[in-house]
Amino acid sequence: MLLALAWRNLWRRPQRTLLSLLSMAIAAALLVFMLSFQLGVYGVMKESTLRIFDGYAQFQPDGYAADPGLDRTIAHPEALLEDAVRIHGVTTAAPRVNGFAILANGERSYGASVIGVDPVRERQVSSIAATIRDGRYLDPTDADTAVLGASLARDLQVAVGGKVTLLGAARDGSVAADVLHVVGIYRSGIPDLDRSILEMPLSRAQDTFAMSGRASTIALVGPSLGGDRALPALGAIARGNRVSLLDWGALEPGLRDALTLKYVTTSLLYLTLVAVVAFIILNTLLMSVLERTREFGMLLAVGMKPRLIGRMVWLELLTLALAGCTIGLAIGAGAALWFQHHGIAYPGLGELLEQFGLPPRLYPTLTPLSALLGPGAILLAITLGGIVPYLRVAHLTAASAMRGA
Amino acid sequence: MVVIAIAGATRAFAISAPDADAILQRAFDNYRAGSSTTSVGMTVHRQDWERHFDLKAWTRGQDDALVRFVAPAKDAGNATLKLGRDTWVFNPKLNQVIKLPASMMSQSWMGSDFSYNDLAKSNDIITEYTHRLLATEQAGGHTVWTIEAVPKPGAPVVWGKIVLKIRDDDVVAEETFFDQDMKPARRMQTDKIATLGDRPYPVTMTMHPLDAPDQWTRVDTSDGHFNVKVPEYFFTLSNLQNPRP
């Protein structure tokens, strides 16, 4: 009964109601779309950074992150690798040997990280293979080959087909020395990587650095690792094998902090939007309540309880908010879904993303969270704000109300 | 009589108000002399393993040094040459001389607890630091001075400060290296002092990184000749790669 009354009351002033609906719908749609877009963009940022080299998570020997060195190793990486890829959500686990050496070509010499990689697995984990600009990536049949970053190659003045001498310390304290043939030069787009990393076949690196059968780290990727669902299972494997599991935030703390900061700043923006819309709607409703004081007096006079009138007004507000938010949700989610399918092109961004081996367009990601958070916040704000007109109406008396207005 | 008295007085004066710069310079001169030829055993100890090397070292003045590994067979032939501020390494497997890039100078030298910087910048303690006498004490029949060395402003060094204990026979008994946060990072301890050639010499020294208790590198000097002329060709790149007898 009350709901029917409220609904009819709303349409006594269709223009005003439509305007209120529209403002709420626009705000809700904006929130849904912006949040989805933000999730999508941050997802791309996260992925583009992590897929270059780190992977979404890593197994590392305990204490390796603080003090990486050849004396900290994973003794039996094969067992870990098999266990890891058996977990739902993990597609590839790539073992690596991380050494450090002087790289020399004739008179020129530079210090660099020398990473021993399994060519097949590494290709699925890191986008370095996709950013080869010259030559090719490592092959499973390779022995004494290497790929290195463009800046490092330029510093060493070495090209594809050239040779690089490697000199460093091995795990057992002996000298690690090797001569490698350059088969490829990559340009990851990250200056630090392009200047400082040489990749060579895993087994050769294990020989050179006296790491036979061992690995320094194991990089993990998988479609749902980003959603962190596989992490607890991986953590159990890590504990069982007495190694550490580092999630993406631990691998890239700078990225994690940057994203958190962005979420905080944009949520302030969203909060402002919600507050403004809520105030507009409340203001409109309060106006209408004031206009209808005489009418309320009449209702009181014929015996309607003040609280019941208050509830009716509140219901008007709620119905309006629910309708507005639903429309907004539909529009926002529809737009997000459409763009999720078709992508948003952004001038100049395409080439940059393709460099990282990523699709050249930005895609919003509609999730239950991004769909419901904005409309939910508006609904909540208006429901709470509705207390003001409710209280006002609930304190009316028949005589004063009919005289007033 | 008078001469002895004056000599005694100056000596007493020298001891009562010793000059930190001079103490350090004398210790350095005693260690390196005008030139030196030494045979050294180096033991690198780690939690899981221990390796022993034999090597020969030649120095010329304060700036130049050549170190050649002679045993074990796996490492024999590796050599490091330092001329002024430049350092080259020779590896027999590669049969190649490689100049060390500046970025690599802080790396471990032959897997030990010494860095290339320890070789290349050995006289930095004299030239790049200011010295202050902290304490004078008596120990084992010797006067031992504690000297604090603080980098000069803008000096290209890695340590926050270095504190040395130097005996009055010009032997460094202990050297503690502090990082930039002034926390002790590693300590070189002289375990045994004996007469080597013509002088008192720290024949056994151990470097302890203080953050890794199971880890140390010991240097035993078994044979030493000082101020014996080392042929000029020793300190050349061609001799580094193709040693002449």
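This note walks through a predicted model, from overall confidence down to one helix.

1. **Confidence.** The model scores ipTM 0.74 and pTM 0.76. For chain B, the mean pLDDT is 86. In that chain, 92% of residues reach 70 or more.

2. **A stretch to read with care.** Look at residues 1-16 of chain B. There pLDDT stays under 50. The model has 1 contact for this stretch beyond four places in sequence.

3. **Make-up and overall form of chain A.** Chain A holds 16 helices and 10 strands. Its radius of gyration is 31 Å, while the globule rule gives 22 Å for 405 residues. The value is well over the rule, so chain A is more spread out than a compact globule. The C-alpha trace spans about 100 × 45 × 30 Å along its principal axes.

4. **Two domains.** How is chain A divided? The domain assignment gives domain 1 as 2-50 + 256-403, and domain 2 as 55-251.

5. **Burial and contacts.** Of the 405 residues of chain A, 43% count as buried. Now take the contacts in chain A with a separation of 6 or more. Residues 24 or more positions apart account for 81% of them.

6. **The largest nonpolar core.** In soluble globular proteins, nonpolar side chains tend to be buried together. The largest nonpolar core here has 99 residues. Which members touch the most others? They are Leu103(A), Ile218(A) and Leu220(A). Take Ile218(A) as a case. Leaving aside neighbours within four places in sequence, its contacts include Phe59(A), Ile74(A), Leu80(A), Leu81(A) and Ala93(A). Gln58(A), Pro77(A), Ala94(A) and Pro95(A) are also in contact with Ile218(A).

7. **A second core.** There is a second, separate core of 43 residues. Among its members are Leu299(A), Leu317(A), Ala321(A) and Tyr390(A).

8. Helix H15 of chain A covers residues 387-394. Which of its residues are buried? They are Pro389(A), Tyr390(A) and Val393(A). Seen down the helix axis, these buried residues of H15(A) fall within an arc of 105°, so they line one face of the helix. An α-helix has 3.6 residues a turn, so residues three or four places apart point the same way.

Technical notes:
Residues numbered from 1 in each chain as written. Chains lettered and ligands numbered in written order. Predicted model: local features only at pLDDT ≥ 70, side-chain atom pairs only at ≥ 80, totals over all residues. Helix = DSSP H or I, 4+ residues; strand = E, 2+ residues; numbered from the N terminus. Rg over C-alpha atoms; globule rule 2.2 N^0.38 Å. Buried ≥ 20, exposed ≤ 12 C-beta atoms within 10 Å, placed from the backbone. Contact = placed C-beta atoms within 7 Å. Domains from an automatic or database assignment. pLDDT = per-residue confidence, 0-100. Core = buried A, V, L, I, M, F, W, Y, C linked by C-beta atoms within 7 Å. Arc of directions from axis to C-beta.
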